[in-house]
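Colleague: I would like to learn how to read a model like this one, feature by feature. Could we go through it together?

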Amino acid sequence: MIRKPITPIPAKPSQYGIDPSFVKSRASKLPGMVSVMLKDLFPDLPDTIYPAEGNAIENIRKAARESLYKIDMSMIKPEDSVNILASHHGFTLFGGEPYAELLKAIKDVVEERTGSKNVRLRAGVGMRFRETEEYIKRYGLDTYFGKGKAIGLAPIDEGIPIETEIGTLYGLKKIYDADWIIHAHHTDVREVHFHRQVDKAVKPFGMSYARIETRSTYHQNLGPRAANFTARAIFESEFVQSKFAFASFMDVGPHGIVGVDSDNDLYALNDRATFIGCQRYGKIMTLFGDIDECIAVLDFPCPVPYVFAAGVIYANFLGANTDLYDLENNALPAYTWYTEAFYDKQDKPILGDIPPLNPAIKMCVHNYAWTGYPSAFFSKHIPTVVVGKEQGDLFDRDSMNLEYMDYATTIKTLEGAMQFAHQTTDTDKVIIFDGAMGGINVSESMARLLIDKAPAVSERVDKVLLPKWLKQRGVDISILEKLK
Amino acid sequence: MKEVTMLAKVDVDKCIGCKICAKVCPVLSIKVENKKAVVDAEACRACGNCADRCPTYAIEMVMRETPIKVGVDVSKFDHKEIRELCEKAHFNPEQVLCYCTGVRADEVAAAILDGADTPEKISSVTGIRTGCTIECVQTVLRMLDAAGIELKPVEGGWQWYGKTTTSWTLPNSVKEKYPSFYFEEDNELLDRIVNTVTESEKEGSK
């Protein structure tokens, strides 16, 4: 089961990261690093269309077209304008190209089936206001959609009030400046510490399509679980319902893209994403919680919490010491913004029952990760070594990370940083968050731990945890058979 | 509290005078005069919104020659008054409101007690909402509202539009209709946070 390392996602030019030329070494190339495939750990994961043999990107287009030809587009008339709504996260999955291909396919099929010539792309972001502008250029979406038709939007851009069941919330004006909207997203689990696998498919209506007031409502006003109602409130508003045409999602697992799922009924798609998502991601999440000690290496073109290993982001690994899917017994995971807010001036949790950040992470080696997300909480609570002065300087200039380097140290090279980490922590278990597709790059000792523990984790999830998670979400295990 | 190390700098040759920079500045430090953006260097808190929304890339963030420290000294204000205001807004005084700058509720309360009566003034004196400028906006609005200060958005600006619902103002009909969102349980959790007196608060209030 132990294989040679998987080639990681390459460093990418961005205003949020150091120039790729400064990324001198990748952790997966270090001596002693190996990989384990996710399908070897959990053979019940479905087959993928990406990655796959041959030109796998064509599989995405084919799956998208087949899916899109099955849904009703009759509401869109030739003279109507259509906004395809996208989010930054999709471009961080499996190199970014598959999501870009889905967006292109949606445009093409909508034009073919409706005759509309006014199909635009509106790509929202979170805290890095230029991020989707960068993706639009990188993947040629600006030329594909035509001049001025593909734009990136930020949550501080002009807004519009949306009347909802919980009062006025605010969306981005240019998200809704068309007759129809198409919600183009994915089923990747991503920030389960925030959304808790509740209304995951609806979330962008309260986030990347929303104004600052709405995002702040989610992250400050309602509580860690209740917050998930924010997106539903907006989506169910008369205004949004009057424009919603359909949704088209990349259907993904931790190991790759399984297909494309489109539906006129977002809640039907949401059910599939929610319940099947618990099944697909639950095992690797739980296995990560069984890691007893490790050095975590960040090595991916994304902000610190969003770097990937085995389809799981670092932010989730920071809370892997608790069950992030358990809604009843884990109200405040080890890391969410609510949790971060509830640390007092002595940097202790205000409530005694708030769990610490994953104590298995003995040190974080930050070889390559971007700015653009407040990350000082991580360096304050996890010993952190940043590789290269350029990277430290970049964080010192970021308005969201002025304190990140106050709690981290800098070492010139990755090799030196790893030596320091091994000597300081006395562990040889290394996990690399580098976006390796289909598997995970780790040290050999970590590979053996994962292989040894995976069967028992699989059984525990199937027999105990998954039934519990589904019950907490109002369904029983038989739902998985029905959704097949 | 924030150390402001950067500063917005305008390339007037690239500036088209569109005013977007002024609409997104959380401290009103940038204006358009004679169709060109002008930065008030003393007022800039270096969030970078202007640079990141400028359609012509006419603004860049540069290092200041001398950093500015902004912050309100909480110890100069009556702790009882600070706690009362925080509680009214449903915050623990030591709760972090701004994840980027680390500004806590007590400092925002102190700023209000010191006379800051708009979100922009509070950001200017404490540094809150000058990082991402997104996630903490409701906390500032809630504190001002709790202090009985009328909230008036900047005319023509996009800085903020309005206060939204909280765990304490959610309609009962919604709570009853959607029990699976744990509204009551989270409200109880948030109240526990508000009502807990931390060790450092006990020390500080002595």
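Colleague: In what order do the 6 strands of the open sheet in chain A lie, and what is the sense of their pairing?

Modeller: Please keep in mind that this is a predicted model. As a general idea, strands of a sheet pair through backbone hydrogen bonds, either parallel or antiparallel. Here, the order across the open sheet of chain A is 4-3-2-7-8-9, and the pairing is mixed. Strand 4 (150-153) and strand 9 (256-263) of chain A each have a single partner strand, so one side of each is left without a neighbour in the sheet. On average, and with direction ignored, neighbouring strands of this sheet are turned by 20° against each other.

Colleague: In which sense do strand 3 and strand 4 of chain A pair?

Modeller: Strand 3 (residues 118-124) of chain A pairs with strand 4 of chain A in the parallel sense, over 4 bridges, and you can look for A:A123, which stands opposite A:G152 in strand 4.

Colleague: Which strands of chain A does helix 2 touch where it packs on the sheet?

Modeller: Helix 2 (residues 56-68) of chain A touches strand 8 (244-253) and strand 9 of chain A, and its direction makes about 20° with that of strand 9.

Colleague: How is chain A divided by the domain assignment?

Modeller: The assignment gives domain 1 (20-45 + 282-454) and domain 2 (56-253) of chain A, and the centres of these two domains, taken over C-alpha atoms, are separated by 29 Å. Contact between them involves 22 residues of domain 1 and 16 residues of domain 2. On the domain 1 side, helix 11 (314-317) and helix 12 of chain A each supply at least two residues, and that side divides into 17 nonpolar, 5 polar and no charged residues.

Colleague: How many residues of chain A are in contact with chain B?

Modeller: As a general idea, the size of an interface is often given as the accessible area lost when the parts come together. Counted by residues instead, 50 of chain A are in contact with 54 of chain B. Helix 7 of chain A gives the largest share of the chain A side, 8 residues, and that side as a whole divides into 25 nonpolar, 13 polar and 12 charged residues.

Colleague: At what angle do the axes of helix 4 and helix 5 of chain B cross?

Modeller: The axes of helix 4 (residues 105-113) and helix 5 (residues 119-126) of chain B come within 10 Å and cross at roughly 115°, in a right-handed crossing. In this contact B:E107, B:V108, B:A111 and B:I112 of helix 4 meet B:I122, B:V125 and B:T126 of helix 5.

Key. Residues numbered from 1 in each chain as written. Chains lettered and ligands numbered in written order. Predicted model: local features only at pLDDT ≥ 70, side-chain atom pairs only at ≥ 80, totals over all residues. Contact = placed C-beta atoms within 7 Å. Nonpolar A, V, L, I, M, F, W, Y, C, P; charged D, E, K, R; others polar. Axes fitted to C-alpha atoms, helices over the stretch in contact; angles between N-to-C directions. Left-handed = near helix turned anticlockwise from the far one by under 90°. Domains from an automatic or database assignment. Pairing = 2+ DSSP bridges.
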